[in-house]
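Take a look at the model below.

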Amino acid sequence: GEATPGDDSVVLLGRGGGGPSGEDLVAAARAVPERRWRVLGRVEGGVADAPSNLVLEGWVDDIPHRLASAGLVVGAAGDGTVAAAAAAGRPFLCLPEPRAYGEQTTKAEALARLGAAVVHHGWPGRESWPELIATTAALDPAPLAALAEPDAIGRLAAEIERVAALT
């Protein structure tokens, strides 16, 4: 069926990892054609023969607004992506990328234990997408949203100033 607002799957690509290829994104969008797939960030190699439900938005300035209006968020387990998904309070499909110290895998496993994300290790094959999207869409976003600390930067700055004043 046709994608409608609120049926968006927003794929948030960070700068730290390889991320999915254009072919991977096309396969995901074709596997779940009833959802609009909006991709934020750079796609290596671009996309050929994109279906109409796949929109590459590139780097944008209003990520928080775009995530808040999404039906769900798909992304890796990097600090920025997890923080953005938590701040948006949307269901999160976490696809941890391999790292030298396993930090994304560890973080993704903790999110799964908390019920804060659906986790799939690596980019899913086409056959896995329908169930992953359905499971994620049904996920209660409250446990993930509870992890957001919107005033963390201000509190950190105040603490640094407080400690600096002691010296």
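The questions and answers below set values against definitions.

Q: What kind of model is this, and how are residues numbered?
A: This is a predicted model: local features need pLDDT of at least 70, side-chain atom pairs count only at pLDDT 80 or more, and totals for chains, interfaces and linings use all residues. Residues are numbered from 1 along each chain as its sequence is written, and side-chain values use heavy atoms, with hydrogens and water left out.

Q: Why is the pair of Trp 37 and Trp 129 called edge-to-face?
A: Rings of Phe, Tyr and Trp (its six-membered ring) pair if their centres lie within 6.5 Å; planes under 30 degrees apart are stacked, over 60 edge-to-face, the rest tilted. Here the centres are 5.1 Å apart and the planes make 90 degrees, so the pair is edge-to-face.

Q: What makes Trp 37 and Trp 129 buried?
A: Buried means under 20% relative accessible area, exposed over 50%, partly exposed in between (1.4 Å probe, protein chains only). Trp 37 has 1% relative accessibility, so Trp 37 is buried. Trp 129 has 0%, so Trp 129 is buried too.

Q: Why are β3 and β6 called edge strands?
A: Strands are DSSP runs of E, at least two residues, numbered from the N terminus. Two strands pair if DSSP finds at least two bridges between them. The open sheet has the order β3-β2-β1-β4-β5-β6. β3 and β6 each pair on one side only, so they are edge strands.

Q: How do you know that β2 and β3 pair?
A: 4 bridges join them. The rule asks for at least two, so they pair.
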